[in-house]
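Biologist: I'd like to learn how to read a structure feature by feature. Could you walk me through one?

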Amino acid sequence: MVDNQSAFVAFERVQKSYDGEVLVVKDLNLSMPKGEFLTMLGPSGSGKTTCLMMLAGFETATHGDILLDGVSINNIPPHKRGIGMVFQNYALFPHMTVAENLSFPLEVRKIGKSEREEKVMRALGMVQMQDFAGRRPAQLSGGQQQRIALSRALVFEPELVLMDEPLGALDKQLRETLQFEITNLAHELGITTVYVTHDQTEALTMSDRVAVFDDGRIQQLAAPDELYERPQNSFVAQFIGENNTMDGVVQQIQGDSCIVKLDSGDIIDAVPVNVSEVDQRTQVSIRPERVEFDRTRLQDDAHTLKAEVLEFIYMGDIFRTRLRVAGKDDFVIKTRNAPDQRRLKPGEMIEIGWLAQDCRALDA
Ligand SMILES: Nc1ncnc2c1ncn2[C@@H]1O[C@H](COP(=O)(O)OP(=O)(O)O)[C@@H](O)[C@H]1O
Ligand SMILES: [Mg+2]
């Protein structure tokens with residue numbers, strides 16, 4: 001963790017209300033070291049854009065402080081913050097050529113003509129668009145326009161770049177190419193980036209850390225693998241990736257494992273994550289790829305559940321099998337398509353289990 005003094009970007013107890021009544025950002029704390037690529041991920045309306053706008057200076061915080069390089073920026077106007085921005089809808093000036101679009105932020109910063117021309121060509125080179133300098137935005141495809149928007153955000157060599165769903169309007173393949181280009185550029189140039197998306201795959205693949213937003217709060221802030229493997233609450237577990245969930249009551253806690261009695265009466269093993277007492281209600285969560293149906297791969301004393309195979313789906317690289325377990329018929333397991341992998345058949349009865357550490361007892 002970085003403390004706020006050495007952090008490059010810091011939010012300290014930031015709140016935001018647009019109408020003086022409802023808080024859309026609630027007591028937000030966040031600190032980022034220089035050079036980090038951080039993504040704000042969350043459902044629509046969770047407060048991501050609001051946070052970005054406060055950092056950029058287009059909105060003011062109702063309460064709390066935002067610091068850039070240790071200095072509060074509350075009273076510094078947007079154009080003096082040295083921040084580059086990229087939005088979903090490109091926001092290129094339609095009446096200007098590509099070169100003029102890129103030159104504009106440099107003119108605002110009173111940079112001389114020859115230096116401007118040199119910087120414009122360098123920034124276009126970063127996104128392989130040197131040959132398009134004389135075109136107008138309308139003469140470019142969506143992906144090309146977004147490359148120009150990106151290079152315009154980088155042209156004045158900002159230390160911090162903010163991007164709000166910059167790839168949202170593009171098709172899947174182009175999105176994946178640009179995801180890769182953006183992270184590469186950010187890391188190569190050593191730029192600190194705050195990236196906003198509602199797409200969890202994008203967040204996991206691009207980021208050093210991800211802040212999961214819900215209802216104006218950060219629910220968890222962690223590296224992608226940590227977030228996926230160790231979600232801290234039910235919201236994060238369900239928002240990131242696929243999960244099987246079951247409800248029950250904690251029956252016994254012993255150090256870092258616990259026994260949960262499901263509402264169906266079945267007994268299972270789990271890790272107590274945010275439960276601490278016997279008799280507490282919990283929602284347990286287990287990833288489809290962590291479920292075993294081969295008894296020899298489980299610990300001797302592991303609890304198992306009876307399951308009926310309902311559906312087997314061949315997906316090429318993996319098999320996806322839907323089961324009826326503990327009275328629910330939406331329990332999913334995923335297995336790798338290996339030469340010796342069993343293909344389960346609908347109607348078959350099996351026994352499933354898992355390592356206690358892979359099943360998380362979360363808030364109910
Ligand atoms: N300019 C505004 N005026 C009033 N309410 C707003 C404004 N912008 C956003 N909101 C409200 O603030 C909440 C958070 O919005 P936003 O930050 O845009 O979320 P996200 O980017 O996560 O979708 C929403 O309830 C939204 O309706
Ligand atoms: Mg938004």
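Modeller: Let's go from the overall layout to the details.

Modeller: A caveat comes before anything else: this is a predicted model, where local features need pLDDT of at least 70, side-chain atom pairs count only at pLDDT 80 or more, and totals for chains, interfaces and linings use all residues. Residues are numbered from 1 along each chain as its sequence is written, while chains are lettered from A and ligands numbered from 1 in the order in which they are written.

Biologist: Fine. How many helices and strands are there in the protein?

Modeller: Helices (H or I, at least four residues) and strands (E, at least two) are DSSP runs, numbered from the N terminus. Here you get eight helices and 19 strands.

Biologist: What percentage of the residues count as buried?

Modeller: The test is a neighbour count: a residue is buried if 20 or more other C-beta atoms lie within 10 Å of its own, exposed if 12 or fewer, and partly exposed in between, with C-beta atoms placed from the backbone. By that count, 36% of the 364 residues are buried.

Biologist: Which residues touch the most other members of the largest nonpolar core?

Modeller: In soluble globular proteins, nonpolar side chains tend to be buried together. A nonpolar core here is a set of buried Ala, Val, Leu, Ile, Met, Phe, Trp, Tyr and Cys residues joined through C-beta atoms within 7 Å. The largest one has 86 residues, and Leu-162, Ala-211, Val-212 and Ala-361 touch the most other members. Helix H4 (residues 142-154) gives the largest share of this core, five residues. Each of domain 1 and domain 2 supplies at least three residues to this core. Take Ala-211: leaving aside neighbours within four places in sequence, its contacts are Leu-30, Leu-38, Met-40, Leu-41, Ile-218 and Leu-221.

Biologist: And what do the buried residues of H2 pack against?

Modeller: Helix H2 (residues 98-108) buries Val-98, Asn-101, Leu-102, Ser-103, Pro-105 and Leu-106. The buried residues of H2 pack against helix H3 (113-126) and H4. Just after H2, Lys-110 has a positive phi of about 55°.

Biologist: Now the strands. Why is E19 largely enclosed by the rest of the structure?

Modeller: Four of the five residues of strand E19 (residues 359-363) are buried, so E19 is largely enclosed. For pairing, DSSP must find at least two bridges between two strands. E19 pairs with strand E13 (residues 267-272) in the parallel sense over two bridges, and Val-271 has Arg-360 as its bridge partner. With strand E14 (residues 281-286), E19 pairs in the antiparallel sense over five bridges; there, Ile-286 stands opposite Cys-359.

Biologist: How many residues lie between E11 and E12 in their hairpin?

Modeller: Two residues, and Gly-255 in the turn has a positive phi of about 60°. Strand E11 (residues 244-254) and strand E12 (residues 257-262) pair in the antiparallel sense over six bridges, with Val-250 partnered by Val-260. E12 and E13 form a hairpin with four residues between them, where Gly-265 in the turn has a positive phi of about 100°. Val-260 also has Ile-268 in E13 as a bridge partner.

Biologist: Last one: which residues are around ligand 1?

Modeller: Near means a C-beta atom, placed from the backbone, within 6 Å. Around ligand 1 you find Tyr-18, Val-24, Gly-42, Ser-44, Gly-45, Ser-46, Gly-47, Lys-48, Thr-49 and Thr-50. That shell has two nonpolar, seven polar and one charged residues, and helix H1 (residues 48-56) contributes the largest share, three residues.

Note on methods: Ala, Val, Leu, Ile, Met, Phe, Trp, Tyr, Cys and Pro count as nonpolar, Asp, Glu, Lys and Arg as charged, and the others, Gly among them, as polar. Domain bounds come from an automatic or database domain assignment. Two residues are in contact if their C-beta atoms, placed from the backbone, lie within 7 Å.
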